[in-house]
Amino acid sequence: KVMKRALAIVLAFVAALLLGEGGARLFFRHKDFPRWRAAVLRYRADPCFGWKVAQGECVRSLETIRINRLGFRGRMVPERKGPREIRIFVLGGSSAFNSNSPGGNTWPRLLEKRLQGRFGPSVRVVNAATPGFTTHQSALRLKCQLLRLSPDLVLVYHLWNDVKYFGKSDIPRLIRDLEAHGRFNERSTLNVLTGRIPIFDELTR
């Protein structure tokens with residue numbers, strides 16, 4: 001009896017999941033799912049600093065957020081610095097990435113405009129922030145990625161992500177958790193949130 005009851009519970013749970021996924025899939029297909037999908041920032045796992053925003057475009061309230069192949073917000077940054085070019089990189093979490101601000105009105109972009117107005121067009125401010133990043137991840141990104149791009153100055157702006165993560169005393173385990181979170185972000189945003197729901201698709205193919 002106990003085994004039968006446990007099996008019935010498991011089957012009911014699986015059925016509920018399938019119905020939920022199927023209902024959501026059908027619901028979003030009729031409720032402008034492409035627009036919702038386009039408004040989702042996508043992520044890719046990164047072996048050094050956990051995760052980064054995936055290359056592409058995200059449209060929110062008629063504003064397009066462009067992510068280049070390095071995972072930075074905005075235009076591509078050539079590896080070789082131009083003559084007399086001054087490069088300033090911004091590292092941080094969502095407060096620096098400014099995901100709710102139009103591209104021309106993020107504070108890194110406004111800083112670039114002000115500096116160019118004072119010192120000329122050779123000043124470039126690169127938004128290398130990533131939503132959810134801790135100071136530890138920013139330090140790793142600086143070491144693994146930014147130093148080879150010859151920064152003249154690096155600005156670091158973080159708010160509460162460190163409080164959320166670094167309440168744990170086991171730092172090696174924390175780093176493993178961050179890496180696992182990066183892999184989860186890639187799977188979830190590139191599968192579920194882009195409309196490919198593996199279980200439901202496999203059963204209804």
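Guide: Let us start with the terms: helices (H or I, at least four residues) and strands (E, at least two) are DSSP runs, numbered from the N terminus. Counted this way, the protein chain has eight helices and seven strands. Please keep in mind that this is a predicted model.

Visitor: What share of the residues in the protein chain is buried?
Guide: Of the 205 residues, 36% are buried. Contacts tell us something too: among those with a separation of 6 or more, 66% are between residues 24 or more positions apart.

Visitor: Why are Cys48 and Cys144 called a disulfide?
Guide: The cut-off for two cysteine sulfur atoms is 2.5 Å. The S to S distance of Cys48 and Cys144 is 1.8 Å, which is within 2.5 Å, so the pair qualifies as a disulfide. The structure holds one disulfide.

Visitor: What parts of the chain does the pair of Cys48 and Cys144 tie together?
Guide: Cys48 sits in the loop between strand 1 (43-46) and strand 2 (50-53), while Cys144 belongs to helix 5, so the link joins parts that are 96 residues apart in sequence.

Visitor: What is the handedness of the disulfide of Cys48 and Cys144, and why?
Guide: The torsion about the S-S bond is about 55°, so this disulfide is right-handed.

Visitor: Is Cys48 buried, exposed or partly exposed, and what makes it so?
Guide: Buried means under 20% relative accessible area and exposed means over 50%, with partly exposed in between. Cys48 has 21% relative accessibility, so Cys48 counts as partly exposed. Cys144, at 37%, is partly exposed as well.

Visitor: Which residues of helix 5 are buried, and why do they line one face?
Guide: In helix 5 (residues 135-146), the buried residues are Gln137, Ser138, Arg141, Gln145 and Leu146. Seen down the helix axis, they fall within an arc of 100°, so they line one face of helix 5. As background, an α-helix has 3.6 residues a turn, so residues three or four places apart point the same way.

Visitor: How many aromatic pairs are there, and what makes Phe49 and Phe133 one of them?
Guide: The count comes to four aromatic pairs. The ring centres of Phe49 and Phe133 are 5.9 Å apart, within the 6.5 Å cut-off, so they pair. Their planes are at 70°, over the 60 degrees required, so the pair is edge-to-face. Phe49 lies in the loop between strand 1 and strand 2 and Phe133 in the loop between strand 6 (123-127) and helix 5, so the pair ties together parts 84 residues apart in sequence. With relative accessibility of 3%, Phe49 counts as buried, and Phe133 is buried at 0%.

Visitor: What is the geometry of the aromatic pair of Trp107 and Tyr157?
Guide: This pair is edge-to-face, with 5.7 Å centre to centre and 90° between the planes. Trp107 is in helix 4 (residues 107-119) and Tyr157 in strand 7 (residues 153-157), 50 residues apart. Trp107 is partly exposed at 28%, and Tyr157 is partly exposed at 36%.

Visitor: Which residues have the most contacts inside the largest nonpolar core?
Guide: In this core of 18 residues, they are Leu41, Val53, Ile65 and Phe97. Strand 2, strand 4 (63-67), strand 5 (86-92), helix 3 and strand 6 each supply at least two residues of the core. A second, separate core of nine residues includes Val77, Phe89, Leu146 and Leu149.

Visitor: What makes Arg73 count as sitting over the ring of Phe97?
Guide: The charged end of Arg73 is 5.3 Å from the ring centre of Phe97. The distance cut-off is 6 Å, and the direction must also be within 35 degrees of the ring normal.

Methods. Residues numbered from 1 in each chain as written. Predicted model: local features only at pLDDT ≥ 70, side-chain atom pairs only at ≥ 80, totals over all residues. Heavy atoms only, no water. Buried < 20%, exposed > 50% of the residue type's maximum accessible area, 1.4 Å probe, protein only. Arc of directions from axis to C-beta. Phe/Tyr/Trp six-rings, centres within 6.5 Å; stacked < 30°, edge-to-face > 60°. Core = buried A, V, L, I, M, F, W, Y, C linked by side-chain atoms within 4.5 Å. Contact = heavy atoms within 4.5 Å.
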